[in-house]
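Good morning, colleagues, and thank you for your time. I shall present one structure briefly, moving from the whole chain to a single residue.

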Amino acid sequence: IKVSKMNIIESVVFTRGCDGNLKGIGALVKGMKAEDAIEKLKGIPCGRRKTSCPDQLSSALEYIISNKKQDK
């Protein structure tokens, strides 16, 4: 995941998972504010699982944002 200094998502690449869907998610969030993507994706389940690829992306974005704040 590449996020700009202004918290704009520049690129997302997933490993594993459903290739087409994950490429689609990456394309949809590109150019979006990380905070907006987190709001839309957080908590989405996958079938009976409590988490999903979009939910994991939101967690990773939260981690990136929190580390950027700590670096300041």
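Let me begin with charge. The protein chain carries 14 positive and 8 negative side chains, and 4 Å separates the centres of the two sets. Please keep in mind that this is a predicted model. The mean pLDDT of the protein chain is 93, with 99% of its residues at 70 or more. Confidence is highest in helix H2, residues 34-41, at a mean of 98, and lowest in H3, at 91.

I turn now to the architecture. Three helices and two strands make up the elements of the protein chain, and their order from the N terminus is β-β-α-α-α. The radius of gyration is 12 Å, close to the 11 Å that the globule rule gives for 72 residues, so the protein chain is as compact as a globular protein of that length. Along the principal axes, the C-alpha atoms fill a box of roughly 40 × 20 × 20 Å.

Next, the surface and the interior. The accessible surface of the protein chain is about 5,400 Å², and carbon and sulfur atoms account for 55% of that area. Of the 72 residues, 28% count as buried.

Which helix holds Ser58? Ser58 belongs to helix H3, which spans residues 53-71. Ser58 counts as buried because its relative accessibility is 0%, and buried means under 20%. Leaving aside residues up to four places away in sequence, Ser58 touches Ile38, Leu41 and Lys42. Finally, Ser58 and Asp36 are 22 residues apart along the chain, and their C-alpha atoms are separated by 9.6 Å.

Methods: Residues are numbered from 1 along each chain as its sequence is written. This is a predicted model: local features need pLDDT of at least 70, side-chain atom pairs count only at pLDDT 80 or more; totals for chains, interfaces and linings use all residues. Side-chain values use heavy atoms; hydrogens and water are left out. Helices (H or I, at least four residues) and strands (E, at least two) are DSSP runs, numbered from the N terminus. Buried means under 20% relative accessible area, exposed over 50%, partly exposed in between (1.4 Å probe, protein chains only). Contact means heavy atoms within 4.5 Å. pLDDT is the predictor's confidence in each residue, from 0 to 100. The radius of gyration is taken over C-alpha atoms; the globule rule is 2.2 Å times the number of residues to the power 0.38. Accessible areas come from the Shrake-Rupley method with a 1.4 Å probe; for residues, only the protein chains shown count as cover. Lys and Arg count as positive and Asp and Glu as negative; His and the chain ends are not counted. The place of a charge is taken as NZ of Lys, CZ of Arg, CG of Asp or CD of Glu.
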